[in-house]
Amino acid sequence: MASYCVSDIHGEYEAYLQLLEKLRFSDRDTLYVIGDMVDRGPQPMALVQDIMGRENVIALAGNHDLVACLLLRHLIYGGRAEDLTDDVMLDILRWRSDGGTSTLAGFQKLSVPERQGVLEWLQELDVYHEIKAAGETFVLVHGGLGKNFDPARPLDSYKLNDYLTSRADYGRVYFPDKFLVTGHTPTRMIPENPAPDRIYRANRHIAIDCGCTFGGHLGAICLETGEEFYV
C-alpha cells in the first residue's frame, strides 16, 4: 500500500500508462495527480477519462485544467461563435497556442454525455490536499501558496491563483513540520537544482514537474519511501 505523486502529465497518456506499470500500481495504492492533465500532449482526453475511471487516482486542478474547463464550456455550450465576446475569443486563441488544440480536438470526439461528464469532473476538482504518509504530513498543490503565504494561515483561505498559477519559492521553508509538494514549475527552471528534469527536494519542498512535454521526464515519488520513478 503506497502513496505516489505525479504532476503535469499534459496529455502524455502513453507515458502515464508506462509510469503505472513502473510503479506496479495496484488497487491498494493511491496516486495523486497534482494538476495539468490536459493540453500540449497528444491524448489529454484519454488521460482524463482514465483518471476519472480509477477510484484510487485522485486529481487536483492545475491552471491548464481550469482554463480548459472554462473555455470548453464557451466553445461547446456558449452558443454561436459570433456571440462570443472579443475577450473570450482572445482567451481561446491564447489557450490553443499554449497547447489547448489537442484538448479541444479530443473533447470534440467525445459523445455529449462524455463531454458533460468531463466538464463536471474538471470543475469539481480540489485545489489542494493535505495527507499523511509514513508519519509525515504533505501539502499537495499545483502551483504554490502565493506571495502572502503564512504558515499559520488556513490552507483553504488562499485565492485560486495562489494555488494554480503562483510559483513556489524553493529557497524558503514554508512549513517546518510539513512537506510542500508542487508541480507547475519544471524542475529544470529551479536554479538550485543540480539534476534538471529530475524531482527536486530541498527546504521541505518536493517539486515533481520534470518537464515531460518539454523533452524531460514524467516523474513520480512514493511518499512513504521517497523512491523516485521516471519515464
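1. Helices, counted as runs of at least four residues, and strands, counted as runs of at least two, are DSSP assignments numbered from the N terminus. In those terms aspartate 197 sits in the loop that runs between strand 6 (179–182) and strand 7 (200–202). Please keep in mind throughout that this is a predicted model.

2. Taken as a whole, the protein chain holds six helices and ten strands. Its radius of gyration is 17 Å, close to the 17 Å that the globule rule gives for 231 residues, so the chain is as compact as a globular protein of that length. Along the principal axes, the C-alpha atoms fill a box of roughly 55 × 40 × 30 Å.

3. When contacts between residues at least 6 apart in sequence are considered, 68% of them join residues at least 24 apart. As for charge, the mean positions of the 22 positive and 34 negative charges are 3 Å apart.

4. In soluble globular proteins, nonpolar side chains tend to be buried together. Here the largest nonpolar core has 58 residues, of which Tyr16, Leu31, Val33, Met37 and Ile51 touch the most other members. Helix 1 (residues 13–23) gives the most to this core, with six residues. Apart from this core lies another, of 16 residues, which includes Ala133, Ile208, Cys210 and Tyr230.

5. Tyrosine 16 deserves a look of its own: leaving aside residues up to four places away in sequence, its contacts include Ile9, Leu31, Leu47 and Ile51, and also Asp50, Arg54, Val57 and Leu218.

6. Most residues other than glycine have a negative phi, and two residues are worth checking against that background. Histidine 10, in the loop between strand 1 (3–6) and helix 1, has a positive phi near 50°. Aspartate 197 likewise has a positive phi, of about 65°, although it is not a glycine.

7. Serine 157 is found in the loop between strand 5 (136–141) and helix 6 (160–164). With a relative accessible area of 32%, serine 157 is partly exposed. The C-alpha atoms of serine 157 and leucine 145 are separated by 9.9 Å, and the two residues are twelve apart along the chain.

Conventions
Residues numbered from 1 in each chain as written. Predicted model: local features only at pLDDT ≥ 70, side-chain atom pairs only at ≥ 80, totals over all residues. Heavy atoms only, no water. Rg over C-alpha atoms; globule rule 2.2 N^0.38 Å. Contact = heavy atoms within 4.5 Å. Lys, Arg positive; Asp, Glu negative; His and termini not counted. Charge placed at Lys NZ, Arg CZ, Asp CG, Glu CD. Core = buried A, V, L, I, M, F, W, Y, C linked by side-chain atoms within 4.5 Å. Buried < 20%, exposed > 50% of the residue type's maximum accessible area, 1.4 Å probe, protein only.
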